[in-house]
Amino acid sequence: MADIIQLLPDNIANQIAAGEVIQRPASAVKELLENAIDAGATNIQLIVSDAGKALVQVIDNGKGMSETDARMSFERHATSKIRNIDDLFSIKTMGFRGEALASVAAVAQVELKTRRAEDELGTFITVENSVVTKQEPCAANTGTSISMKNLFFNVPARRNFLKTNAVETRHIIDEFTRVAMAYPQIFFSLTINGLEQFHLESGSIKQRIVQLLGNNYNTKLVSVKEEMDYVNVYGFVGKPETAKKTRGDQYFFVNNRFIKSAYLNHAVSSAFSDMIAKDSFASYVLFIDLDPAQIDINVHPTKQEIKFEDERIVYAFVQAAVKHALAQFSIAPSLDFTLYLWSQCKIERWGTV
Ligand code: ADP
Ligand code: MG
């Protein structure tokens, strides 16, 4: 009998690999926004149409790419962000797997325009089915514009898995919100079907939260800030009155990366304990910073889950930080009163404060 094993052609292998990284338009949104951040952009525009099924475009003013890099960027395992396995544990960039652009190019029609500040001309490249179909010099602004058109045009079965435009747009706004929340110093805009839905001037974390989650948070945020050698926690929790009946505005960022963690969520809810009803959910935007060597982010293809070297320390610290913040907020009036009595007492004893 003849041998039966064959190596898959590159474009098929890329399509299969893309299944992990690009499940829907919102996955491409996340990857392209993260690339813009890694490129040092201070201005990032996201444009989508037809819920991202027809177009997801990200325009940034970051460092751009050389002609060779532009072409290389679509190869699988092509990355400028790590060189060896140890780099994984000192990672400071959002990306490192070198898979996003290869995946996008395997399942959509992609147009890339990019120019570095030092180059006179930029590069324009189109890719389809993992094959470069055009490459030419072009005039371009400094930075990069990537358009992903007709997602899953060549994988109809996957296209059928996409949900209604309303649902896919919600996922896009969620991803946009998570990235924009973590980088309040960067300008972001989101344009959906020609209408600008978000226009986020750079500002403080608090301003960004209000821009993204709504004005009603303006007077309802309690600042959290606790530092120790091992880990820092900062950000805001919503006052108990902002608790929701459905799991709503809950954001953890570890080293500026949005993550999901039921375990840490428990740390926060338990800190609220009897301040909110049992069946409601606290609102929070919390940033946890620690040495990248203390976490493993390479445990999930979209990096939404991470592993902590010592999860319990982080849990205890987050819980304590939130408790402390809430205590300061809720006992503030009585604390002032105690101070007042204390100062009166001093006046009586020493005649002055
Ligand atoms: P990763 O981000 O994991 O390195 P990607 O496939 O997302 O992998 O991107 C491959 C490479 O292309 C990046 O490492 C980077 O060098 C380059 N690149 C991608 N997007 C941009 C961008 N917007 N600006 C500048 N360089 C980019
Ligand atoms: Mg990337």
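A polar contact here is a pair of N or O atoms within 3.5 Å; within protein, one must be able to donate a hydrogen and the other to accept it, and residues adjacent in sequence count only if both atoms are side-chain atoms.

I noted that this is a predicted model, in which local features need pLDDT of at least 70, side-chain atom pairs count only at pLDDT 80 or more, and totals for chains, interfaces and linings use all residues. Residues are numbered from 1 along each chain as its sequence is written, chains are lettered from A and ligands numbered from 1 in the order in which they are written, and side-chain values use heavy atoms, without hydrogens and water.

**Ligand 1**

I looked up the polar contacts of ligand 1. Ser80 places a polar side-chain atom 2.5 Å from an oxygen atom of the ligand. The side chain of Asn35 has an N or O atom 2.8 Å from a ligand oxygen atom, and that of Asp60 has one 2.9 Å from a ligand nitrogen atom. The protein buries 92% of the 530 Å² that ligand 1 exposes when taken alone (Shrake-Rupley method, 1.4 Å probe).

I then listed the shell (a heavy atom within 4 Å). Of its 18 residues, Asn35, Thr79, Ser80, Lys81 and Gly98 come nearest. By class I found 6 nonpolar, 8 polar and 4 charged residues, with Gly counted as polar.

**Hairpin**

I checked strands β7 (residues 187–192) and β8 (residues 195–200), which pair in the antiparallel sense over 5 bridges. Strands are DSSP runs of E, at least two residues long, and pairing needs at least two bridges. Ser189 has His199 of β8 as its bridge partner. The hairpin has 2 residues between the strands, and Asn193 takes a positive phi near 45 degrees.

Definitions and conventions
Helices (H or I, at least four residues) and strands (E, at least two) are DSSP runs, numbered from the N terminus.
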